[in-house]
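Please look over the sequence and the structure shown here before reading on.

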Amino acid sequence: MTAPTRTLRVAKPGFRARLDPARRITQAAAALVIAIVALILAFIAWRGIQLFIDAGVAVPEILSPTWQPDPDSGPTTFGLLPFIVGTLEIFVGAALIAAPLSVGLGLFMAEVAPNWARRITQPAMEVFVGIPSVVWGFLGAVLLVPVLRTNFHFTYGYSMLAGQLVVALMILPTITSLSYDAFLTVPRDMRAASMALGTTRWQAIRHVVVPAAASGVMTAIVMGMMRAAGEALAVQMVIGNRASIAFNPMSPIQTLTSAITMDMGNTTPSQPWNMALWTMGLVLLLMSLSFVLLVRRLSARRPAE
Amino acid sequence: MRRVLLADRLATATLWALALFVVAILVSIIAYFVVSSIPTFSLAFLFSDPVDSGIGGILPLLWNSAYMLVLTMLLTIPIAVLGGIYMAEYAGENRFTNAIRFSQELISSVPSIVVGLFGMTLFVAGLGWGFTALGGALTLLVFNLPLLLRLSEQAIRAVPADERAASLALGSTQWQTIRHAVLPIAIPGIVTGIVLTAGRVFGEAAALLFTAGVATPAHYDFTFVSLDPRSPWSPFHQATTLSVFIWNTNSEANNPQHTEVAAMSSMVLLFLVLAFNLSSRWLGGALQRRVSGL
């Protein structure tokens with residue numbers, strides 16, 4: 001369903017229209033959004049480069065795998081690589097787990113579900129998306145982590161896999177709802193044409209509906225990844241927070257968001273350690289920016305609806 | 001031919017199984033909270049103070065969650081609705097509106113912990129407020145404003161063009177048209193947006209850790225109405241919310257019964273968020289019926 005297109009438009013605003021106070025006031029309110037976002041960007045960028053300017057750390061140092069921020073325990077090295085790798089592992093892993101489930105569920109809701117089933121799944125997704133991240137983190141810590149430790153013989157239970165599973169559940173409703181919308185935008189006629197040629201419903205889905213909705217589904221998955229990359233507390237509560245690069249799903253890791261959560265309260269702005277946390281914030285901001293640009297590219301490629 | 005039919009059956013069965021699986025996860029999560037809370041939960045939990053050891057209660061945290069909700073929405077609603085009116089009624093397609101849309105997309109993707117950092121530097125340290133409800137609410141404004149602005153814009157855009165044409169044809173000005181013809185019809189949609197945005201305030205924790213504070217309040221004296229930071233009514237009091245409390249209880253784990261306390265608090269939080277989501281549907285529908293006079 002699209003909003004009715006408005007044929008009515010007050011043509012080009014003339015001099016009097018431009019003086020219209022209501023227009024000016026509402027415009028100022030909208031402009032506030034730009035001002036706030038510009039302020040945040042400037043702030044994070046400025047504080048994020050203090051590690052290089054004020055603390056004199058060389059830029060390539062942040063790509064080191066060693067994180068030793070505490071001057072009391074020897075010479076410091078501000079390698080952010082463990083956190084960057086950890087963040088990548090969490091959002092890629094979570095998307096790999098969640099995408100098949102959510103796209104399948106989106107497909108179910110759009111193509112297969114009878115009305116009564118859709119009346120259950122749709123509100124269920126709304127409830128799902130509303131579960132706060134601390135609740136997810138708590139569930140992960142009290143249910144998932146002990147199971148991983150005792151039944152699957154993880155050393156700690158707090159691990160990369162625990163984080164991936166918790167975040168996968170968190171982004172499941174996001175990807176489901178968005179891919180459901182993508183499937184709904186495929187015109188009915190295309191399915192009908194396919195099935196009139198004698199295909200089964202599954203053939204119509206595989207060869208007609210899915211290819212037509214592909215870029216919308218990709219957008220849905222990227223939006224899910226975006227949410228996963230920025231999630232802080234739920235991740236921090238289950239991944240064990242150890243700042244070393246690990247590729248074993250059973251080992252504890254650390255992400256950019258969880259490091260900021262853990263260390264921000266223990267450091268003061270004049271410490272290089274604190275500045276490094278801001279640099280992590282800047283890295284996260286650049287990640288968000290690339291996600292937004294990716295989503296824009298994907299939706300530009302989508303055929304007109 | 002037969003293989004094709006078999007594949008169709010198999011795929012259909014898989015999709016059904018998927019849907020059942022996901023709904024089962026959701027049901028078991030809610031069941032887990034209800035079942036695990038039954039042995040220790042009583043209404044007194046909602047109305048007493050937190051304790052260092054034992055079950056205690058969550059009254060001050062519920063108060064802070066509600067306080068943050070009201071304060072944040074008081075700041076957000078007027079600006080967001082006005083901005084939404086501009087975007088739906090006045091704005092054309094130009095660089096200004098493109099910049100607004102890009103800002104909306106960007107802020108919805110920035111991690112909330114990063115926005116929390118911003119709030120901490122500006123309000124807690126920069127303005128020297130320390131941890132305050134107002135600092136937390138202004139930080140939440142950062143996400144909620146762009147979101148509610150978009151939802152209001154959508155609600156206003158959905159008003160049929162005929163309503164505007166009829167009003168303008170009767171000789172009213174554009175603002176009179178917006179005020180008396182467009183807004184009344186858009187209100188159900190705007191209210192739904194407000195309730196959805198408000199529901200997020202309850203759940204948010206990462207942005208509040210460093211802005212509204214994490215310390216668990218011992219006791220609130222509600223008879224002490226003042227701007228003094230010690231008063232629970234003051235916008236300058238440290239306002240640890242229920243979500244932040246859950247995180248803190250679980251992380252510090254000082255209380256021997258922290259798991260029970262966190263589980264019951266999570267259940268309360270979950271039901272509050274649920275109530276918000278359900279009431280946004282119900283309220284939107286009810287207002288819609290009133291407006292359309294059916």
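## Two neighbouring helices in chain B

A crossing of two helices is called left-handed if the near helix is turned anticlockwise from the far one by less than a right angle, and right-handed if it is turned clockwise. In this structure, which is a predicted model, the crossing of α7(B) and α8(B) is right-handed. Helix α7 (residues 161-169) of chain B and helix α8 (residues 174-203) of chain B have axes 10 Å apart and pack at an angle of about 155 degrees. Because angles over 145 degrees count as roughly antiparallel, α7(B) is described as roughly antiparallel to α8(B).

On the side of α7(B), the contact is made by B:Glu163, B:Arg164, B:Ser167 and B:Leu168, while α8(B) brings B:Thr177, B:His180, B:Ala181, B:Val182 and B:Ile185. Sorted by class, the residues of this contact are 4 nonpolar, 3 polar and 2 charged.

## Domains of chain B

The domain assignment divides chain B into domain 1 (1-38) and domain 2 (44-292). The centres of domain 1 of chain B and domain 2 of chain B, taken over C-alpha atoms, are separated by 34 Å. Their contact takes 4 residues from domain 1 of chain B and 5 residues from domain 2 of chain B, and the side that belongs to domain 1 of chain B has 2 nonpolar, 2 polar and no charged residues.

## Where the two chains meet

How many residues does each chain bring to the contact between chain B and chain A? The contact takes 70 residues from chain B and 71 residues from chain A. On the side of chain B that touches chain A, the largest share, 15 residues, comes from helix α1 (residues 2-37) of chain B, and by class that side of chain B has 51 nonpolar, 15 polar and 4 charged residues.

One helix pair can be followed across the two chains. The axes of helix α2 (residues 21-48) of chain A and helix α5 (residues 112-126) of chain B come within 10 Å and cross at roughly 85 degrees, which makes α2(A) roughly perpendicular to α5(B). Here A:Ile40, A:Phe43, A:Ile44 and A:Arg47 of α2(A) make the contact with B:Val114, B:Val115, B:Phe118 and B:Thr121 of α5(B), and the classes in this contact are 6 nonpolar, 1 polar and 1 charged.

## The build of chain A

Chain A has 12 helices and 2 strands, and its elements run α-α-α-β-β-α-α-α-α-α-α-α-α-α from the N terminus on. Taken along the principal axes, the C-alpha atoms of chain A fill a box of roughly 70 × 70 × 30 Å. Of the 305 residues of chain A, 46% count as buried.

Helix α11 (residues 256-263) of chain A is largely enclosed by the rest of the structure, because 6 of its 8 residues are buried. The buried residues in α11(A) are A:Leu256, A:Thr257, A:Ser258, A:Ala259, A:Ile260 and A:Thr261.

## Two loop residues with positive phi

Most residues other than glycine have a negative phi. In A:His153, however, phi is near 55 degrees, a positive value, and this residue is placed in the loop between α6 (133-150) and α7 (160-184) of chain A. Is A:His153 buried or exposed? A:His153 counts as exposed, because it has 9 C-beta neighbours inside 10 Å.

A:Asn241 also has a positive phi, near 50 degrees, and is found in the loop between α10 (233-236) and α11 of chain A. With 19 other C-beta atoms within 10 Å, A:Asn241 is partly exposed.

How values were computed. Residues numbered from 1 in each chain as written. Chains lettered and ligands numbered in written order. Predicted model: local features only at pLDDT ≥ 70, side-chain atom pairs only at ≥ 80, totals over all residues. Domains from an automatic or database assignment. Contact = placed C-beta atoms within 7 Å. Nonpolar A, V, L, I, M, F, W, Y, C, P; charged D, E, K, R; others polar. Helix = DSSP H or I, 4+ residues; strand = E, 2+ residues; numbered from the N terminus. Axes fitted to C-alpha atoms, helices over the stretch in contact; angles between N-to-C directions. Parallel < 35°, antiparallel > 145°, perpendicular 65-115°, else oblique. Buried ≥ 20, exposed ≤ 12 C-beta atoms within 10 Å, placed from the backbone.
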